Amino acid sequence: MKHIFIVNPTAGIKNSFSDIEKKLKERENFDYELYVTKSKGDATKYVSQRCQSSDEDMVFYSCGGDGTLNEVASGMAGYDNAILAIYPSGSGNDYVKYYGDKKAFLDLDNLINGKETRIDLIKVGDRYAVNACHFGLDSAVAKKMNQVKSKKIIGGRNAYNTGVLYALFTALKTKCKVIGDGQPLNDDKILICTCVNGKYVGGSYKCAPRSINNDGYMEVCCIKPISLFKFLKFLKLYKSGEYLNRQELSSCFTYKRCKKVEIIGGQKNFIISLDGEVVAGDSFEVNIIKDALRFIVPRSLCEDAENN
């Protein structure tokens with residue numbers, strides 16, 4: 001089996017190429033390739049071309065952040081000879097937090113000898129998301145994150161918090177209609193809406209604590225416009241995932257498991273975020289594709305699950 005490492009040299013604070021290359025050279029009789037992405041969208045194009053060129057099973061290692069993961073998974077979509085693995089060397093890496101500590105994914109031996117499973121994939125038009133489709137305040141956050149992620153202090157690991165601070169003053173109300181499996185989930189405005197296959201967004205916000213990433217459903221949370229003061233109180237519980245267990249907050253949001261979500265934007269070029277990648281359009285249909293991707297879970301996490 002071929003092992004192909006797709007490295008984004010601009011992901012995270014430090015280019016991970018040298019560290020990955022050193023670890024791979026230490027392995028004996030291991031058939032691998034290293035590919036360094038050249039520009040935005042390059043990983044999708046490269047992975048798709050490799051999948052088309054051979055029927056052989058290939059493991060593609062996404063070495064970067066959630067944007068890199070999005071590109072690699074998008075290139076694999078529809079090809080059953082492709083297997084996804086994640087080496088999380090970016091600044092956020094939200095999706096791997098579904099499984100717990102990302103250290104297990106950074107242990108290369110642990111990852112290469114992991115166990116294959118199936119995971120769902122979010123599809124929006126001809127685009128995909130592994131972790132989340134979100135919009136409202138989150139779209140403003142993602143847009144600002146992309147602008148500052150390479151900057152010192154306000155970028156890197158702090159990029160999401162910078163985006164949140166910016167959005168609090170610009171995007172507390174977003175006009176749109178959200179329909180989940182035929183049921184309206186809001187009136188005509190939202191604060192935040194997340195359609196999630198993982199559990200986390202923004203590095204540490206556990207927006208979907210009940211998510212199961214291979215059950216054929218998205219966890220959809222639609223938060224109503226509320227005052228800045230109330231939102232700041234809500235945010236702490238939203239970050240921990242405890243907001244779902246607080247009866248006093250139940251009037252602030254709608255939470256539903258959905259197979260399909262329709263988004264009707266309240267303005268031209270309405271913005272959504274797919275794994276942090278900003279996409280504009282007038283309206284969107286978000287669907288979940290069950291068992292769409294073959295995925296590698298690190299060996300130690302499989303052993304922990306079996307022992308529990």
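Biologist: What volume does the largest cavity have?
Modeller: The largest cavity has a volume of about 40 Å³. A cavity is a set of points on a 1 Å grid over the protein atoms alone where a 1.4 Å probe fits but cannot get out. Grid points are joined across faces, edges and corners, and the volume is the space filled by probe spheres set on the points. This is a predicted model, in which local features need pLDDT of at least 70 and side-chain atom pairs count only at pLDDT 80 or more, while totals for chains, interfaces and linings use all residues. Residues are numbered from 1 along each chain as its sequence is written, and side-chain values use heavy atoms, with hydrogens and water left out.

Biologist: How many cavities of 30 Å³ or more are found in the whole structure?
Modeller: The search finds 1 cavity of 30 Å³ or more.

Biologist: Which residues line the largest cavity?
Modeller: The lining is made of Leu137, Asp138, Tyr160, Val164, Ile192, Tyr205, Phe231, Leu235 and Tyr238. Lining residues have an atom within 4 Å of a point. By class, 8 are nonpolar, none is polar and 1 is charged. In this scheme Ala, Val, Leu, Ile, Met, Phe, Trp, Tyr, Cys and Pro count as nonpolar, Asp, Glu, Lys and Arg as charged, and the others, Gly among them, as polar.

Biologist: And which helices supply at least two residues of that lining each?
Modeller: They are α6, α7 (159–168) and α8 (228–240). The largest share, 3 residues, comes from α8. Helices (H or I, at least four residues) and strands (E, at least two) are DSSP runs, numbered from the N terminus.

Biologist: Which residues of α7 are buried?
Modeller: The buried residues of α7 are Ala159, Tyr160, Gly163, Val164, Ala167 and Leu168. Buried means under 20% relative accessible area, exposed means over 50%, and partly exposed lies in between (1.4 Å probe, protein chains only). The cover over these residues of α7 includes α6 and α8. As a general point, an α-helix has 3.6 residues a turn, so residues three or four places apart point the same way.

Biologist: Is histidine 134 buried or exposed?
Modeller: Histidine 134 counts as buried, at 7% relative accessibility. Histidine 134 lies in strand β7 (residues 132–136). Leaving aside neighbours within four places in sequence, histidine 134 is in contact (heavy atoms within 4.5 Å) with Ser139, Cys193, Thr194, Val201, Ile272, Ser273 and Gly276.

Biologist: What about the largest nonpolar core: which members touch the most others?
Modeller: Of its 47 residues, Phe5, Ile6, Phe60, Tyr99 and Phe295 touch the most other members. Strand β4 (residues 82–88) gives the most to this core, with 6 residues. A nonpolar core is a set of buried Ala, Val, Leu, Ile, Met, Phe, Trp, Tyr and Cys residues joined through side-chain atoms within 4.5 Å.

Biologist: Last topic: how many salt bridges are there?
Modeller: The count comes to 15 salt bridges. A salt bridge is a side-chain nitrogen of Lys or Arg within 4 Å of a carboxyl oxygen of Asp or Glu. One of them joins lysine 2 and glutamate 33 (3.4 Å, N to O). That pair links distant parts of the chain, with lysine 2 in strand β1 (residues 2–7) and glutamate 33 in strand β2 (residues 32–36), 31 residues apart.

Notes: On a 1 Å grid over the protein atoms alone, a cavity is a set of points where a 1.4 Å probe fits but cannot get out, and a pocket is an open set with protein on both sides within 12 Å along at least five of seven lines; lining residues have an atom within 4 Å of a point.
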